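Please read them alongside the sequence and the coordinates.

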Amino acid sequence: MITCCIGGVSWDMLVDSGADCNLVTPEAWNKFKEAGIKVYSSTKGCDRKLKAYGSENLLNVSGSFVADIRVGQKCVKAEFFVVTGGQQCLLGDETSKLLGILNVGLDVNKVTEEVKPFSKISGVQVKIHTDPEIKPVFQPLRRVPIPLESAVKSKLEQLLARDIIEVKTGPTSWVSPLVVVGKANGDVRLCLDLRRVNEAVLRERHPMPVVDEYLARLGKDMIRSKLDIREAFLQVELDPESRDVTTFITSLGLFRFKRLPFGLVTAPEAFQRTMDEILTGCEGTHWYLDDVIIEGSTEEEHDRRVDKVV
């Protein structure tokens, strides 16, 4: 059912894609006239022979009229037939399509998900420092197997839409090759060969937790929750002046990362430092890279600590 404005009168019509014409009941037609419907023309009787679906009996058409019908912002001129004994006012196939109510095509029922920029940690930008004595290296393109080209293009478009990478323009120094790994499901994983870049990167040497010490800090008989940060490194933004070292080459051109990429030798330390700055001072909270454990001696204490972290 859809509410239409027929000749200036609001009325509910049933959209029927199997109907070749628009049908109204005599009761509806009388109410249209009482409401002062505006028509271009109206006639009694009808020369057209109309049949109900699956029936050989002719419908009793007492007359017809032509009027404007509006749905939303769309308005078209349409003919309506008044059928005696009709149970419902029907909006036919042609008029429904002209009004944009009824759509036919490959995109019907197609569900598309809007790609939004990937979340990032607010107020944090990581700088990558390189040894100035090491000369930048421009590495050549590694060809992608033809069957994987469309999947690689789609993956790059997703990364652009998610604000993880950007097109590299202007002069460039470091350029690394893209490594494409096919998955069993037909998808691909894009990796960077950053070995030459890592030779020049100056590590932060931020202290990393020792796993045994990490586990020893966990209390006994505690209520715990474990959080896993989604695509953790990619939530850390790179300083614009540090992005050129992540430039990589594809058949579609040069791109560079706006976020901290996997494979960069200093990425774990930079991310751990970021987590230390964020979570230090949160009681009952222990973290190692993207794994965060929150514990409390009571459910109330546990929930309060979780709310503070989240």
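1. D163 sits in the loop that connects helix 3 to strand 9; helices (H or I, at least four residues) and strands (E, at least two) are DSSP runs, numbered from the N terminus. D163 comes after helix 3 and has a positive phi, near 65°, although D163 is not a glycine. Most residues other than glycine have a negative phi. D163 counts as partly exposed because its relative accessibility is 21%; buried means under 20% relative accessible area, exposed over 50%, and partly exposed in between (1.4 Å probe, protein chains only).

2. On provenance: this is a predicted model, in which local features need pLDDT of at least 70 and side-chain atom pairs count only at pLDDT 80 or more, while totals for chains, interfaces and linings use all residues. Residues are numbered from 1 along each chain as its sequence is written, and side-chain values use heavy atoms, with hydrogens and water left out.

3. A second residue to check is R205, in the loop between helix 4 (195-200) and helix 5 (211-216). R205 is likewise not a glycine, and its phi is positive, near 60°. With a relative accessible area of 61%, R205 is exposed.

4. Helix 3 covers residues 149-161, which makes 13 residues. From first C-alpha to last it reaches 18 Å, close to the 18 Å expected at 1.5 Å a residue; the expected span is 1.5 Å times one less than the number of residues. Its buried residues are A151, V152, K155, L156 and L159. They lie on the same side of helix 3, because the arc they cover around the axis is only 135°; the arc is that of the directions from the helix axis to the C-beta atoms. An α-helix has 3.6 residues a turn, so residues three or four places apart point the same way. The cover over the buried residues of helix 3 includes strand 9 (165-167), strand 10 (176-182), strand 11 (188-192), strand 14 (248-250) and strand 15 (253-257).

5. G36 follows helix 1 with a positive phi, near 80°.

6. The largest nonpolar core holds 43 residues, and I165, F248, F257, L260 and L264 have the most contacts inside it. A nonpolar core is a set of buried Ala, Val, Leu, Ile, Met, Phe, Trp, Tyr and Cys residues joined through side-chain atoms within 4.5 Å. Two or more residues come from each of helix 3, strand 11, helix 4, strand 15, helix 6 and strand 17. Helix 6 gives the most to this core, with 5 residues. Apart from neighbours within four places in sequence, L264 is in contact (heavy atoms within 4.5 Å) with I128, L194, V197, N198 and V201. A second, separate core of 20 residues includes C4, I6, V71 and A78.

7. T95 belongs to helix 2 (residues 93-98). T95 is buried, with a relative accessibility of 8%. Not counting residues up to four places away in sequence, T95 touches N22, I69, V76 and A78.

8. An open sheet of 3 strands is ordered 12-17-16, with antiparallel pairing; two strands pair if DSSP finds at least two bridges between them. Strand 12 (223-228) and strand 16 (285-288) are at the edges, each with a single partner strand, so one side of each has no neighbour in the sheet. Strand 16 is joined by 4 bridges to strand 17 (residues 291-296), and the two run antiparallel. W287 stands opposite V292 in strand 17. Helix 6 (residues 267-279) packs on the sheet and touches strand 16 and strand 17, with its direction at about 170° to that of strand 16; axes are lines fitted to C-alpha atoms, for helices over the stretch in contact, and angles run from 0 to 180 degrees between N-to-C directions.

9. S297 lies in the loop between strand 17 and helix 7 and is partly exposed, with a relative accessible area of 44%. S297 and I223 are 74 residues apart in sequence, but 6.1 Å apart in space, C-alpha to C-alpha.
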